[in-house]
Amino acid sequence: MSKVNSQTISNSDDRYLPGDPNCPICGGLGYYRVDVPVGHPDFGKVKICACRKNQIQKQIKDRLFAMSNLDELSHLTFENFKPRGRIGLGPLQADTLERAYNHAQQFARSLKGWLLIQGYYGCGKTHLAAAVANYAVSMDINTLFITVPDLLDTLRYSYSDPDATFEERFEEIRNVPLLIMDDFGTQNATPWAQEKLFQILNFRYINKLPLVITTNLSLEEIEGRIRSRLLDPDLVTHVHIYAPDYRQPTDDTGHPSLSSLGLLNNLTFGNFSLRKNEKISKDDLQRLERAFQGARKYAESPEGWIVFTGIYGSGKTHLAAAIANYRSGLGFSPLFISVPDFLDHLRATFNPNSTTSYDRLFDEVRKSSLLILDDLGTQSMTPWVREKLYQLFNHRYYAELPTVITSAESLDEMDQRIRSRMLDGRLCTIFAITVPDYRGGGRKTKRR
């Protein structure tokens with residue numbers, strides 16, 4: 001190799017040298033010329049020095065690390081993750097958490113294929129994704145861990161970034177050895193955003209580059225082209241965590257505090273009274289028996305909607321709570337809420353001091369895997385209330401999500417749009433409980 005110009009180096013400020021100032025090959029210039037005879041293919045050509053390549057790699061690595069904010073997430077590791085969750089978690093919920101933990105560890109060690117982690121807020125999916133990132137960084141693998149909204153903001157900012165063009169930043173992101181996209185689905189889904197995300201995922205799909213995605217969306221809610229990639233079983237390992245938000249106070253079922261089931265956890269099928277020793281007509285007792293058997297069957301395999309109507313104290317809330325407690329015992333905690341309480345929670349989100357957004361709360365109820373709505377019809381039917389309830393019922397109707405409803409009103413008294421959903425015999429089964437108030441304070445004919 002030819003000698004570098006030492007005078008040029010000595011007159012240069014080391015801070016602006018593209019290479020390592022102590023490099024014996026280039027002396028910090030970052031390039032060198034090979035000492036070969038005239039006529040050789042490399043004669044006169046400049047070669048990039050290995051020290052400069054290392055510098056570039058270090059700059060890229062540092063930039064990716066800074067974009068990832070992994071300093072703030074360095075405490076999220078496999079070592080401090082609880083594979084079975086907290087005490088009180090149902091066995092089936094804990095199983096899904098442990099399965100996700102095992103797959104994340106396996107992925108981190110192999111970095112092959114894609115890992116898709118689904119689950120609600122606070123279930124542990126971000127912890128596992130960050131643990132994968134921290135493990136990869138410890139193995140000196142260039143890693144980008146970034147929420148999808150932040151990723152899109154980074155791309156938007158690059159249009160005015162003096163240090164890199166949009167094309168350079170885009171190529172850097174989609175080519176990074178390990179990309180982890182957290183909170184997929186929370187981004188503003190503009191056509192531009194959808195197209196950029198598809199281009200990134202499609203590039204990594206074609207080139208089989210390792211990718212981790214966390215999302216609280218169902219696959220049906222993800223854009224079609226991206227969903228088709230995520231459904232490839234040869235590339236994608238898909239795990240779904242059914243554990244509740246560990247950051248929120250919970251009742252005995254492990255469900256967030258919105259649920260009022262904790263107050264009713266003693267109501268089971270075992271202590272439900274069929275009231276055969278009371279002076280109640282045979283027809284009324286048969287209707288009660290049918291409602292009881294229908295509730296037990298539904299609890300075994302919740303599909304469609306089941307509605308219990310009857311006066312206060314007739315047993316409809318007991319049956320709804322028994323369904324919820326039965327499912328909780330299997331590890332699938334439903335969301336059990338009183339309709340008036342739900343509407344109060346929604347109104348409270350408009351308070352500037354509320355820690356929960358309206359959209360998040362409404363989404364939690366609307367998309368719950370099993371929703372139990374107690375006391376439908378007792379709330380003040382303002383236009384706002386009617387519209388919120390219709391939106392809730394309409395979503396669950398078309399998504400065919402399992403729903404249990406109790407009401408002291410007859411169907412004729414309900415909002416016509418909601419009533420039409422309940423009267424769809426393909427989806428909904430209605431049990432009219434006609435026995436009197438078991439507490440002795442009501443009358444069989446009285447409805448409110």
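Is Phe-292 buried or exposed? With a relative accessibility of 7%, Phe-292 counts as buried, because the cut-off for that label is under 20%. Please keep in mind as you read on that this is a predicted model.

**Aromatic pairs**

The model has 13 aromatic pairs. In one of them, Phe-272 and Phe-292 are stacked, with 5.5 Å from centre to centre and 15 degrees between the planes. Phe-292 belongs to helix α10 (282–300), while Phe-272 sits in the loop between β7 (236–241) and that helix, so the pair ties together parts that are 20 residues apart in sequence. Phe-272 is buried too, at a relative accessible area of 11%.

Trp-305 comes from strand β8 (residues 305–309) and Tyr-397 from helix α14 (residues 383–399), so parts that are 92 residues apart in sequence are tied together here. Trp-305 is buried, at 2% relative accessibility, and Tyr-397 is buried as well, with a relative accessible area of 15%.

**Charges over rings**

| Charged residue | Ring | Distance of charged end from ring centre |
|---|---|---|
| Lys-196 | Phe-170 | 5.4 Å |
| Lys-388 | Phe-362 | 5.9 Å |

In both rows, the charged end of the lysine sits over the ring.

**Cysteines**

How many disulfides does the structure hold? The count is 0. Cys-23 lies in the loop between α1 (6–10) and β1 (31–33), and Cys-23 is buried, with a relative accessible area of 10%. Its C-alpha atom is separated by 9.1 Å from that of Cys-49, a residue 26 positions away along the chain. Cys-123 is buried at a relative accessible area of 5%, and Cys-428 counts as buried at 7% relative accessibility.

**A helix with a buried face**

Which residues are buried in helix α6 (residues 148–157)? They are Val-148, Leu-151, Leu-152, Thr-154 and Leu-155. Looking down the axis of α6, you will find these buried residues within an arc of 155 degrees, so they line one face of the helix.

Conventions: Residues are numbered from 1 along each chain as its sequence is written. This is a predicted model: local features need pLDDT of at least 70, side-chain atom pairs count only at pLDDT 80 or more; totals for chains, interfaces and linings use all residues. Side-chain values use heavy atoms; hydrogens and water are left out. Helices (H or I, at least four residues) and strands (E, at least two) are DSSP runs, numbered from the N terminus. Buried means under 20% relative accessible area, exposed over 50%, partly exposed in between (1.4 Å probe, protein chains only). The arc is that of the directions from the helix axis to the C-beta atoms. A disulfide is a pair of cysteine sulfur atoms within 2.5 Å. Rings of Phe, Tyr and Trp (its six-membered ring) pair if their centres lie within 6.5 Å; planes under 30 degrees apart count as stacked, over 60 as edge-to-face and the rest as tilted. A charge sits over a ring if NZ of Lys or CZ of Arg is within 6 Å of the ring centre and within 35 degrees of the ring normal.
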